[in-house]
Amino acid sequence: MVPVCQITQEMQMASASYTGGCLCGAVRYEISGDVRTFLHCHCLRCRKSSGTGHASNLIIKPDSANWVSGEEMLSSFKVPDAERFRTVFCSACGSPLPRIAPDLSIAVIPAGSLDDEPETTPVGCIFWDSRASWSCDNSELPHWPEYPQQ
Ligand SMILES: [Zn+2]
Ligand SMILES: [Zn+2]
């Protein structure tokens with residue numbers, strides 16, 4: 001007999017399980033479970049670190065993300081004057097990678113690093129006040145000047 005709790009866990013993983021990795025393929029990861037939110041962030045830090053108009057991140061629970069290979073290739077950078085902002089990337093190819101932060105109770109998954117499209121789509125745009133005028137419009141989505149308000 002398989003304990004009921006174990007069956008439930010397996011079903012949750014099957015319902016939403018994705019793989020992803022960096023451009024060179026050295027770092028691979030998998031995520032499972034519910035997506036808490038999916039946001040475009042137009043802040044200056046996301047623009048600088050992505051080289052594009054905004055970052056697109058899925059937020060999940062930290063224990064829902066696991067490294068499959070290449071964990072030793074991970075580099076990270078914390079912006080010195082930022083309270084929390086940190087980037088995680090492959091030291092060989094520089095691709096943005098998940099930031100698993102149990103201390104903040106979140107894992108931030110760069111949507112573009114996923115192998116396939118997730119079932120969910122972005123629910124809004126944050127740091128809209130920092131948006132570059134040339135960035136994707138996305139104005140059909142809810143947007144907030146900085147962090148989302150409920
Ligand atoms: Zn790489
Ligand atoms: Zn940002």
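Of the 17 residues in the largest nonpolar core, Ile-31, Ile-60, Ala-65, Ala-107 and Ile-109 touch the most other members. A nonpolar core here is a set of buried Ala, Val, Leu, Ile, Met, Phe, Trp, Tyr and Cys residues joined through C-beta atoms within 7 Å. This is a predicted model: local features need pLDDT of at least 70, side-chain atom pairs count only at pLDDT 80 or more, and totals for chains, interfaces and linings use all residues. Residues are numbered from 1 along each chain as its sequence is written, while chains are lettered from A and ligands numbered from 1 in the order in which they are written.

- A second, separate core has eight residues, including Leu-39, Cys-46, Ala-55 and Cys-125.
- Leaving out residues up to four places away in sequence, Ile-60 touches Ile-31, Gly-33, Val-35, Arg-36, Ala-65, Ala-107 and Ile-109 (contact means C-beta atoms, placed from the backbone, within 7 Å).

**Positive phi**
- Most residues other than glycine have a negative phi.
- Ser-105 has a positive phi, near 60 degrees, and sits in the loop between β8 (99-101) and β9 (106-110).
- Asn-138 also has a positive phi, near 55 degrees, and is in the segment after β10 (124-126).

**Exposure**
- Buried means 20 or more other C-beta atoms within 10 Å of a residue's own, exposed 12 or fewer, and partly exposed in between, with C-beta atoms placed from the backbone.
- Asn-138 has 18, so it is partly exposed.

Terms used. Helix = DSSP H or I, 4+ residues; strand = E, 2+ residues; numbered from the N terminus. Contact = placed C-beta atoms within 7 Å.
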